[in-house]
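Okay, everyone, thanks for coming. Let me put my structure up on the screen, and then we'll walk through a couple of spots.

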Amino acid sequence: MNHEPKPSRLEIEIAAKFAGIPNAQLIRKMEHAQDFGYDDEEFELNRRLNLGGLAWRWSGDFYRPTVEVYKPEGSDGE
């Protein structure tokens, strides 16, 4: 039987902190945060996207970077 690892207390607290906040709003918070002031948001976005087989990256625009959500190559057994 394949069991998911039990989430840590920190993982549970971060998920609770952002409960009810849509992904788009989480992304906007990251895009408008001070330099690297988005650790919790990044952690939660990674958790949510991983559930759907997705990932994210910063766009290549140096002056106005945005979050790009994408499907990684090789996901779903490809």
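So, which residues are buried in helix H2, residues 23-32? They are Leu26, Ile27 and Met30, where buried means under 20% relative accessible area, exposed over 50% and partly exposed in between, with a 1.4 Å probe and protein chains only. Helices (H or I, at least four residues) and strands (E, at least two) are DSSP runs, numbered from the N terminus.

Quick caveats: it's a predicted model, so local features need pLDDT of at least 70, side-chain atom pairs count only at pLDDT 80 or more, and totals for chains, interfaces and linings use all residues. Residues are numbered from 1 along each chain as its sequence is written, and side-chain values use heavy atoms, with hydrogens and water left out.

Back to H2: its buried residues pack against helix H3 (39-51), strand S1 (55-58) and strand S2 (67-70), and contact here is heavy atoms within 4.5 Å.

Now the H2 and H3 pair. On the H2 side we've got Asn23, Leu26, Ile27, Lys29 and Met30, meeting Glu41, Glu42, Glu44, Leu45, Arg48 and Leu49 in H3.

Arg48, over in H3, is buried, with a relative accessible area of 17%. Leaving aside neighbours within four places in sequence, Arg48 touches Phe18, Ile21, Pro22, Asn23 and Leu26.

For contrast, take Glu73, in the segment after S2. Buried or exposed? Glu73 is exposed, at 83% relative accessible area.
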